[in-house]
Each structure stands twice: as C-alpha cells, then as structure tokens.
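Please keep the structure in view while reading, and look up each named residue as it comes.

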Amino acid sequence: MSPDRALPRPEGAATMGPPAHATLLVADVERFSTRDGADQMRTREALYDEFRAAFTEPLWSSCAHEDRGDGLLVVVPGQVPKSMVLGEVLPRLDAALGRRRRGDPLLRLRVAVHAGDVHLDEHGIGGHAVIRAFRLCDSDPLRKAVAAARGDLAVLVSETIHEDVVRGGYPGIAPQAFHAVDVHVKETAVRAWLHVPGDEDAARRVAAEASPGPDTATAADREAPREGGLSFSAGGDLRVGPGNNFAGRDVRVDERPRPRRWWRP
C-alpha cells in the first residue's frame, strides 16, 4: 500500500480531496534546539532510523510522513489497527531508545497519538485532527513527563485513542498505566491520557499535578466524552463529539461564564 493510496492526493492546485481517517503520531526530540547544527542533523537521521525500525519497513512505507525539523508527523492509514500502533510500534520504539542510552546522539522523545479525519493536498497534511495531535505533543504534562522519566519516551494519547484502544485491553497495552491529565494549549482544552513506559510513578506524579483532584478522575468523568473537534464560546462552551466526528456523538455544554472570543481551530 502506498501513501497515495492510504491518503489520496487530489489533482489540481485548488482542489482538496475527501478526508481519510487515520492514526496520527507526532514526535518531538527533547532539547533539540540546544544542539549544534551537525548534532541536529545526526539526531534527525537517528530519529528517522528508529521510527522506521519501530514501524518495520512495510508499515512505514504505507504511512505518510511530514518532517517538522525537530520532530515528525506520521499518518498511519485507517486500515492499520490502532492497537498495533500502541501495542507493538511504541513498545519497539521505547526498547530501541533504551538501547541508545549510551549511544550518540541521545534521543529522548515525547510522542502524542490521536486519530481522526486527515486531509492531504499539495501543501501537505492538515485538518483538525492534526492540530489536536500537535497541541497534545506541545502540552506541559507531556513535556514534564519526558523530563521526569527514567527512560527516554513519554506518550500522551487523546481521549479518542483511550476510549477506542487503551480501554479495550489489547495485547501489549495496560490500561492502568495511562493516567488522565487536563491539557490546555492555546484554544485547546481537553482530557488526555499520559503514559511513561517503565516509569508509571513519573506519569502518576505529573498527572496529579496536571489534573485537580485524584490521580485519574471519577468514573463519571472517565465515561464523559471530553475530546472535541469544535469549541466556541458565547457565555459557555459547546464541545461536539470525539475525534472530530460530530454526527451522532454526544454534546457537552459547559455553562461556566467565560470571556467572549472568536472561534479558531
């Protein structure tokens, strides 16, 4: 399967094709900007090598990729089970990073995982799901988690991924190792789930700091869909459906007064 088949590229400069559902991974190298130019280039090469190995070549070749300088975006076709990404790809990546601990260059990564509809045009990859994935990767809880981790990887998954995959009890995925955090980045305010492979204490500590009350949340909170692709305010917030898929999903209205602001994606 080629990337073009997984996410069809429309013909014509001004034409956008229909969106395709995909799993999104955003990876960022910790403290990348502190490295000199030569070290940054070696780090980028090492990052791609480890991702190719963790995905394995057939799966990597089926994905679309977009370079982000100090990291990358990987778009996994919707035909690939999300449980494979969490239960196989990320554990292989974590093990590979552990083997690099005395290598050069050192890679310490934060990774965000989300799923939703993705657009591909001649400019690259876009859509609300992509924005959500990048904001999860840029969040304070994930930054704090990778800084506190004994290992070299911290993962933050969206409510969509948690609901569809983590809670499913698939092989290689331990639901109790994911801890709820409240994420606030720009206009995005959502619930996400933090996982630090091999260092659950670090994840628990960061989650306790990032979310009020108990470590994870009440059972009612866990059941309530908090992930939304649309949010706007006029005295209250309306959040519609997980994973940027509005039709047929629950609507949550927050009545707390808030400053009036224009909606932005």
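How many helices and how many strands does the protein have? There are nine helices and eleven strands, as found in a model that is predicted. Of the 265 residues in the protein, 49% are buried. When contacts between residues at least 6 apart in sequence are considered, 68% of them join residues at least 24 apart.

**The nonpolar cores**

- In soluble globular proteins, nonpolar side chains tend to be buried together.
- The largest nonpolar core of this model has 38 residues, and F51, F55 and L86 are those with the most contacts inside it.
- At least two residues of this core come from each of β1 (20-29), α2, α3, β3 (71-77), α4 (82-99), β4 (109-121) and β6 (153-158).
- Another core, of 31 residues, lies apart from the largest one, and its members include L120, C137, A145 and V185.
- Leaving aside residues up to four places away in sequence, F51 touches A27, W60, L72, V74, L93 and L109.

**How helices α2 and α4 pack**

- Two packed helices are described by the angle between their axes and the distance between the axes.
- For α2 and α4, the axes come within 8 Å and cross at roughly 135°, which makes α2 oblique to α4.
- The crossing in which α2 passes α4 is right-handed.
- On the α2 side, the residues that meet α4 are E50, F51, A53, A54 and F55, and their partners in α4 are V89, R92, L93 and A96.

- The buried residues of α5 are A129, V130, R132, A133, R135, L136 and C137.
- In helix α6 (residues 140-148), the buried residues are P141, L142, A145 and V146, and because they cover an arc of only 125° around the axis, they lie on the same side of α6.
- An α-helix has 3.6 residues a turn, so residues three or four places apart point the same way.
- The elements that cover the buried residues of α6 include β4, α5 (128-137), β6, β7, β8 and α8 (200-210).

**Single residues to look at**

- Most residues other than glycine have a negative phi, and most peptide bonds are trans.
- T56, although not a glycine, has a positive phi of about 75°, and its place is in the loop between α2 (37-55) and α3 (57-62).
- With a relative accessibility of 34%, T56 counts as partly exposed.
- K186 is not a glycine either, yet K186 has a positive phi of about 55°, and this residue sits in the loop between β7 (179-185) and β8 (188-195).
- Is K186 buried or exposed? The relative accessible area of K186 is 71%, so K186 is exposed.
- A64 belongs to strand β2 (residues 64-67), and because its relative accessible area is 10%, A64 is buried.
- Although A64 and L120 are 56 residues apart in sequence, they are 9.4 Å apart in space, taken from C-alpha to C-alpha.

How values were computed: Residues are numbered from 1 along each chain as its sequence is written. This is a predicted model: local features need pLDDT of at least 70, side-chain atom pairs count only at pLDDT 80 or more; totals for chains, interfaces and linings use all residues. Side-chain values use heavy atoms; hydrogens and water are left out. Helices (H or I, at least four residues) and strands (E, at least two) are DSSP runs, numbered from the N terminus. Buried means under 20% relative accessible area, exposed over 50%, partly exposed in between (1.4 Å probe, protein chains only). A nonpolar core is a set of buried Ala, Val, Leu, Ile, Met, Phe, Trp, Tyr and Cys residues joined through side-chain atoms within 4.5 Å. Contact means heavy atoms within 4.5 Å. The arc is that of the directions from the helix axis to the C-beta atoms. Axes are lines fitted to C-alpha atoms, for helices over the stretch in contact, and angles run from 0 to 180 degrees between N-to-C directions. Angles under 35 degrees count as roughly parallel, over 145 as roughly antiparallel, 65 to 115 as roughly perpendicular and the rest as oblique. A crossing is left-handed if the near helix is turned anticlockwise from the far one by less than a right angle, and right-handed if clockwise.
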